[in-house]
Amino acid sequence: MERKTHIHAEDGKQELTITREFDLPLKLLFKAYEEAEIVEQWMGTKVLKLENKKHGAYQFETTDPMGNKHGFHGTIHDFIPNQKIVRTFEMESAAIGPQLEFLEFEKLSDSRSKLTMQVIYRSVEARAMQLKMPFEMGLNMAHNRMEEILK
């Protein structure tokens, strides 16, 4: 599988940057983060709550192959359609703790767009824990699935 989603993580820092260019118009890319039905498809998760507004909240739940449920949740701090989402993100079953995410959406052409995510962790150690997981592979698979669903 070609990895089109790139993760840049400098040594000794508690942040990382994720970038991906999509063969999707900007509005369609943003819609993939805005509409619960689409989020469920590409993330492979159940959306329990998705309040796309400043001071909104979200809650997702996924089931692993052994039938165990895992929750994800956060607060949306800023939401500007087709431009940016600022939110917290926390996996309830992981020791990593909450992280702060800045998602920026950019139009490259009428049919191409770019997502840039800056993710900030509480510590260098928390970020290292995240990077030890199959994070990059999972993110690439999810983004590939998103692009396929929306085309």
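User: Why is His-55 called exposed?

Analyst: This is a predicted model, and its relative accessibility for His-55 is 62%. Exposed means over 50%. So His-55 counts as exposed. His-55 sits in the loop between strand S3 and strand S4.

User: What is the phi of His-55?

Analyst: Phi is positive there, about 70°, although His-55 is not a glycine. Asn-82 also has a positive phi, near 65°, and is a residue other than glycine. Asn-82 lies in the loop between strand S5 and strand S6.

User: Is Asn-82 buried, exposed or partly exposed, and how do you know?

Analyst: The relative accessible area of Asn-82 is 24%. Buried needs a value under 20%, and exposed one over 50%. The value for Asn-82 falls in between, so Asn-82 is partly exposed.

User: What about Ile-7: why is it called partly exposed?

Analyst: Ile-7 has 22% relative accessibility. The cut-off for buried is under 20%, and for exposed over 50%. Therefore Ile-7 counts as partly exposed. Ile-7 is in strand S1. Leaving aside neighbours within four places in sequence, its contacts include Leu-16, Ile-18 and Phe-135.

User: Which residues of H2 and H4 meet?

Analyst: Ile-38, Gln-41, Trp-42 and Met-43 come from H2. Among their partners in H4 are Ala-142, Arg-145 and Leu-150. Across this contact, seven residues are nonpolar, two polar and one charged.

User: Which strands are called edge strands, and what makes them so?

Analyst: The open sheet has eight strands, in the order S1-S2-S8-S7-S6-S5-S4-S3, with antiparallel pairing. S1 and S3 are the edge strands: each pairs on one side only. On average, neighbouring strands are turned by 20° against each other, direction ignored.

User: How do you know that S7 and S8 pair?

Analyst: Two strands pair when at least two bridges are found between them. Eight bridges join S7 to S8, so the pair meets that cut-off. S7 and S8 run antiparallel. Glu-104 stands opposite Thr-116 in S8.

Terms used
Residues are numbered from 1 along each chain as its sequence is written. This is a predicted model: local features need pLDDT of at least 70, side-chain atom pairs count only at pLDDT 80 or more; totals for chains, interfaces and linings use all residues. Side-chain values use heavy atoms; hydrogens and water are left out. Helices (H or I, at least four residues) and strands (E, at least two) are DSSP runs, numbered from the N terminus. Buried means under 20% relative accessible area, exposed over 50%, partly exposed in between (1.4 Å probe, protein chains only). Contact means heavy atoms within 4.5 Å. Ala, Val, Leu, Ile, Met, Phe, Trp, Tyr, Cys and Pro count as nonpolar, Asp, Glu, Lys and Arg as charged, and the others, Gly among them, as polar. Axes are lines fitted to C-alpha atoms, for helices over the stretch in contact, and angles run from 0 to 180 degrees between N-to-C directions.
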